[in-house]
Amino acid sequence: MTSYGTIPTSSSSAPPTSTNLEFISRAKDRIKSGLGARRPWKVLFNHRALGLPPNLSTALSRIRTNLAYFRMNYAIIVLLILFLSLLWHPISLIVLAAMMALWLFLYFLRDEPQVLFRRTIDDRVVLVVLSILTIVLLLLTKATWNIVGAVLIGAAVVLLHAALRKTDDLFLDEEEVSAFAAEAGTSSYAASG
């Protein structure tokens, strides 16, 4: 009996390219879901929703709410500013791109813990090693102050927008608020503004 056109259901004898394709597919899905958290740019840049906060408390509340709501958009803005600052330092740009790829594959996009010489490596060890490697390699490119300046400018732009953007028209899910509060290390969160 022939089995032309049948699709095997067992993956135990799958060739390595099949597992690589599954990894790439999972990575694409994770990137899409991460970018799916991005809010529409029209909502972010709505000029009618901009205004000076009446006091510091309101400004801090707006910053918390806007950082939770627009976090993916703000990350894209900071990365764009960083990228633009490195256009005149092509070596730094190449190093940054290589390190971003390492971060993606070794830290963000993996489902299973890293194993080296039959030993499981803790996530904190991977985080520390990648952080040190990134810092050392960027220091070697002699564009360190350019990178620090770009990140500071990006942070200033984000904080300024977050303080000026009114939050009356933003609706956060309870899960988003609690997840952001847990990430920020705060136990109480007020979403008024």
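## Serine 85 at the end of helix H4

In this predicted model, serine 85 has a relative accessible area of 14% and is therefore buried, the limit for that class being under 20%. Serine 85 belongs to helix H4, which covers residues 71–85. A polar atom of the serine 85 side chain is placed 2.7 Å from the backbone oxygen of leucine 82.

Beyond its neighbours within four places in sequence, serine 85 is in contact with two residues, Asn146 and Ala150. Both Asn146 and Ala150 also belong to the H7 side of the contact between helices H4 and H7, and Ser85 is among the residues that H4 contributes to that contact.

## Packing of H4 against H7

Helix H7 spans residues 144–164. The axes of H4 and H7 are 9 Å apart and meet at an angle of about 145 degrees, and the crossing is right-handed. From H4, the contact is made by Tyr74, Ile77, Val78, Ile81, Leu82 and Ser85. The H7 side includes Ile147, Val151, Ile153, Gly154, Val157, Val158 and His161. Divided by residue class, the contact of H4 with H7 holds 13 nonpolar residues, four polar residues and no charged ones.

Leucine 80 is also located in helix H4. Its relative accessible area is 49%, so leucine 80 counts as partly exposed, a class that lies between 20% and 50%. The C-alpha atoms of leucine 80 and alanine 150 are 9.5 Å apart in space, although 70 residues separate the two in sequence.

## Annotated transmembrane regions

The unreviewed UniProt entry assigns the feature "transmembrane region" to residues 68–85, 121–141 and 147–164. In the model, residues 68–85 are 94% helix and 0% strand, with 26 Å between the end C-alpha atoms. For residues 121–141 the corresponding content is 86% helix and 5% strand, and the end C-alpha atoms lie 29 Å apart.

Serine 92 is part of helix H5, residues 90–108. With a relative accessible area of 1%, serine 92 is buried because its value falls under 20%. Not counting residues up to four places away in sequence, serine 92 touches Leu86, Leu138, Thr141 and Ala143.

Lysine 142 is situated in the loop between helix H6, residues 123–140, and H7. Its relative accessibility is 73%, so lysine 142 counts as exposed, the class for values over 50%. In space, the C-alpha atom of lysine 142 lies 9.4 Å from that of isoleucine 91, while the two residues are 51 apart in sequence.

## The loop between E1 and E2

Phenylalanine 117 lies in the loop between strand E1, residues 114–116, and strand E2, residues 119–121. Arginine 118 is located in the loop between E1 and E2 as well. Most residues other than glycine have a negative phi. Phenylalanine 117, however, has a positive phi of about 55 degrees although it is not a glycine. For arginine 118, phi is likewise positive, near 65 degrees.

Phenylalanine 117 has a relative accessible area of 76% and is exposed. Arginine 118 is exposed too, with a relative accessible area of 83%.

## The chain as a whole

The secondary structure of the chain comprises eight helices and two strands. Along the sequence these elements follow the pattern α-α-α-α-α-β-β-α-α-α. The chain has 193 residues, of which 26% count as buried; serine 85 and serine 92 are among the buried residues.

Of the contacts in the chain between residues at least 6 apart in sequence, 81% join residues at least 24 apart.

Technical notes. Residues numbered from 1 in each chain as written. Predicted model: local features only at pLDDT ≥ 70, side-chain atom pairs only at ≥ 80, totals over all residues. Heavy atoms only, no water. UniProt positions renumbered as here; feature names shortened; annotations may be inferred. Helix = DSSP H or I, 4+ residues; strand = E, 2+ residues; numbered from the N terminus. Buried < 20%, exposed > 50% of the residue type's maximum accessible area, 1.4 Å probe, protein only. Polar contact = N/O pair within 3.5 Å; in protein donor to acceptor, adjacent residues only side chain to side chain. Contact = heavy atoms within 4.5 Å. Axes fitted to C-alpha atoms, helices over the stretch in contact; angles between N-to-C directions. Left-handed = near helix turned anticlockwise from the far one by under 90°. Nonpolar A, V, L, I, M, F, W, Y, C, P; charged D, E, K, R; others polar.
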